[in-house]
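Please consult the sequence and the structure below while reading.

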Amino acid sequence: MRVDMRRSRERMVREQIEARGVRDPRVLAAMRRVPRHLFVDEALHGQAYADHPVPIGFGQTISQPYIVALMTWYLELEPGMSVLEIGTGSGYQAAVLDEMGARVWTVERIPELYDAARVRLSRLGHAGVRCKLDDGTLGWPEAGPFDRILVTAGGPDVPLPLLAQLADPGILLIPVGGSRRDQQLVMVRRQGGELLRENKGGVVFVDLVGRHGW
Ligand code: SAH
């Protein structure tokens, strides 16, 4: 079983991620190391390495492997950087960021997902990831500013509290657009006091629900 999962993971990295142009060796290594199947229900282990999102309960999903790799790559992470993730979900993306050597803070609004992810992350060796149950559109003001902010749910626009908690230099990534349709992955780069906004292409994410979300 374990060997099969490792082989599935290796194939996922080669065929879904590397072949589509994500070649950063540190991103590929992190995705080879994190046992993605342990972030989904046992009944769905067989789907964990497939090329699509997988349900994690409460109408939410763990993102497609390629999208996790792409967003991680776009963050231009260096070891030791602080990263705020909004939308802990299963904890998988947080584990990948932790594997990249980042210092990770992650916020989830659904209590059951928050509880499960916290336990899972510490059991799998990611006890350093700090988890909070809250409306993540408000960020985590006491812990900021953050070098990087990653929102893994789609909102109507960039939440202002998150912009306020982005360091200079800093990069923020968030899917923006209609509810579950016409979403663009938006990158906001803060540099020398300026904000640069860039669209990185179409994506499909579950809704960002909260004060500065839907
Ligand atoms: N990054 C996750 C997948 C995210 S799914 C993983 O790797 O598994 C999107 C998650 O965002 C869901 O769990 C949803 O409950 C959460 N979410 C939506 N709005 C939120 C908000 N305002 N604050 C925190 N979490 C939110």
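Predicted model: local features only at pLDDT ≥ 70, side-chain atom pairs only at ≥ 80, totals over all residues.

A polar contact is a pair of N or O atoms within 3.5 Å. A polar side-chain atom of Ser90 lies 2.6 Å from an oxygen atom of the ligand. On the nitrogen side, a backbone N or O atom of Gly87 is found 2.9 Å from a nitrogen atom of the ligand. The side chain of Asp135 also takes part, with an N or O atom 3.0 Å from a nitrogen atom of the ligand. When the ligand is taken alone, 590 Å² of its surface is exposed, and the protein buries 99% of that area.

The surroundings of the ligand may be considered next. A total of 27 residues surround the ligand, and the closest of them are Glu85, Ser90, Glu108, Gly136 and Val209. By class, this shell divides into 10 nonpolar, 11 polar and six charged residues.

The largest pocket has a volume of about 390 Å³. Its lining comprises 31 residues, of which Gln60, Gly87, Glu108, Thr152 and Ala153 are the closest to the pocket centre. At least two residues of this lining come from each of strand 2, strand 3, helix 4 and strand 4. In terms of residue class, the lining of the largest pocket holds 12 nonpolar, 12 polar and seven charged residues.

A further pocket remains to be described. The second largest pocket contains about 270 Å³ of space. Which residues line the second largest pocket? They are Pro53, Thr61, Ser63, Gln64, Ile67, Thr152, Arg180, Gly202, Val203, Val204, Phe205 and Val206. This lining is made up of six nonpolar, five polar and one charged residues. Thr152 belongs to the lining of the second largest pocket and is also among the residues closest to the centre of the largest pocket.

Methods: Residues numbered from 1 in each chain as written. Heavy atoms only, no water. Near = heavy atom within 4 Å. Polar contact = N/O pair within 3.5 Å; in protein donor to acceptor, adjacent residues only side chain to side chain. Areas by Shrake-Rupley, 256 points an atom, 1.4 Å probe, with all protein chains shown as cover. Nonpolar A, V, L, I, M, F, W, Y, C, P; charged D, E, K, R; others polar. 1 Å grid on protein atoms, 1.4 Å probe; cavity = no way out; pocket = protein on both sides within 12 Å on 5 of 7 lines; lining within 4 Å. Points joined across faces, edges and corners; volume = space filled by probe spheres on them. Helix = DSSP H or I, 4+ residues; strand = E, 2+ residues; numbered from the N terminus.
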